[in-house]
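Please read this briefing alongside the sequence and the 3D view. The points are grouped by topic, beginning with the overall layout and ending with individual residues.

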Amino acid sequence: MSPTLIWLLAGTGLCLAELVLPTAFVAFMLGISALLVAAVASFIPFNLQVLLWMVLSLILVLASRRLVRQRAAFKLDATEAETLTEIPAGKTGRVLYEGNSWLARCDDQHQTIAPQEKVYVVSRQGTMLIVVPESSLQ
């Protein structure tokens, strides 16, 4: 069995494994690396093929992690909230969002939001919500 065929089978198997096992693209990236090594397997010795596969796999897995993290960002189902406390300009306050009290900051660093005002959640940074007052959207 030639090294090219081994790499093709390994790459195909790893790519197909991603369909069955949710590995956050790790198996898929390992498979892609194996397929790339298969393309050059007839030109380099086997020990360099293994080294190339490991380096390509590491690079592709790290690159895919960046993409996976960005896409798995916090998704906001409900966007409306109500301020529990004043949110001073450039500082934080509290909002009631989905029945829970959250730390919040206004998207506009120069704007103050009064208590019991309707706001919209535009993003999240860790455990802090970034909000804009309803009045600024009209």
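Helices (H or I, at least four residues) and strands (E, at least two) are taken here as DSSP runs, numbered from the N terminus. On that basis the elements of the protein chain run α-α-α-β-β-β-β-β-α from the N terminus on, which comes to four helices and five strands. The model is a predicted one, in which local features need pLDDT of at least 70 and side-chain atom pairs count only at pLDDT 80 or more, whereas totals for chains, interfaces and linings use all residues. Residues are numbered from 1 along each chain as its sequence is written, and side-chain values use heavy atoms, with hydrogens and water left out.

**The chain as a whole**

- Of the 138 residues of the protein chain, 26% count as buried, where buried means under 20% relative accessible area, exposed means over 50%, and partly exposed lies in between (1.4 Å probe, protein chains only).
- The protein chain exposes about 8700 Å², and carbon and sulfur atoms supply 64% of this area, as computed by the Shrake-Rupley method with a 1.4 Å probe, where for residues only the protein chains shown count as cover.
- Among contacts (heavy atoms within 4.5 Å) with a separation of 6 or more, residues 24 or more positions apart account for 46% in the protein chain.

**The barrel**

- Five strands close into a barrel in the order E1-E2-E3-E5-E4, and the pairing is mixed; two strands are taken to pair if DSSP finds at least two bridges between them.
- Neighbouring strands of this sheet are turned by 55 degrees against each other on average, direction ignored; the axes are lines fitted to C-alpha atoms, for helices over the stretch in contact, and angles run from 0 to 180 degrees between N-to-C directions.
- Strand E1 (residues 80-83) and strand E4 (residues 118-125) run antiparallel and are joined by three bridges, with Glu 82 standing opposite Lys 118 in E4.
- E4 is also joined to strand E5 (residues 128-133), by six bridges and again in an antiparallel arrangement; Gln 125 stands opposite Met 128 in E5, and the bridge partner of Val 121 in E5 is Val 131.
- The hairpin of E4 and E5 has two residues between the strands, and Gly 126 in this hairpin takes a positive phi near 65 degrees.

**Nonpolar cores**

- In soluble globular proteins, nonpolar side chains tend to be buried together.
- A nonpolar core is a set of buried Ala, Val, Leu, Ile, Met, Phe, Trp, Tyr and Cys residues joined through side-chain atoms within 4.5 Å, and the largest one here has 12 residues in all, including Ala 81, Ile 87, Trp 102, Ile 113, Val 119 and Leu 129.
- Strand E2 (92-97), strand E3 (100-106), E4 and E5 are the elements that give two or more residues to this core, and E3 gives the most, with three residues.
- A second, separate core of five residues includes Ala 34, Val 37, Ala 38 and Ala 41.
- Leaving aside its neighbours within four places in sequence, Val 119 is in contact with residues that include Ala 81, Val 95, Ile 113 and Val 131.

- Helix H2 (residues 26-40) has 15 residues and reaches 22 Å from its first C-alpha to its last, close to the 21 Å expected at 1.5 Å a residue, a span defined as 1.5 Å times one less than the number of residues.
- The C-alpha atoms of Ala 39 and Leu 8, which are 31 residues apart along the chain, are separated by 8.7 Å.
- Ser 64 is found in helix H3 and counts as buried, because its relative accessibility is 6%; leaving aside its neighbours within four places in sequence, Ser 64 is in contact with Phe 25 and Met 29.
- Phe 46 lies in helix H3 (residues 46-71) and is partly exposed, with a relative accessible area of 47%; beyond its neighbours within four places in sequence, Phe 46 is in contact with Pro 3 and Trp 7.

**Loop residues with positive phi**

- Glu 98, in the loop between E2 and E3, has a positive phi of about 50 degrees although it is not a glycine, and it counts as exposed at 51% relative accessibility.
- Gln 116, in the loop between E3 and E4, has a positive phi of about 55 degrees although it is not a glycine, and it counts as exposed at 53% relative accessibility.
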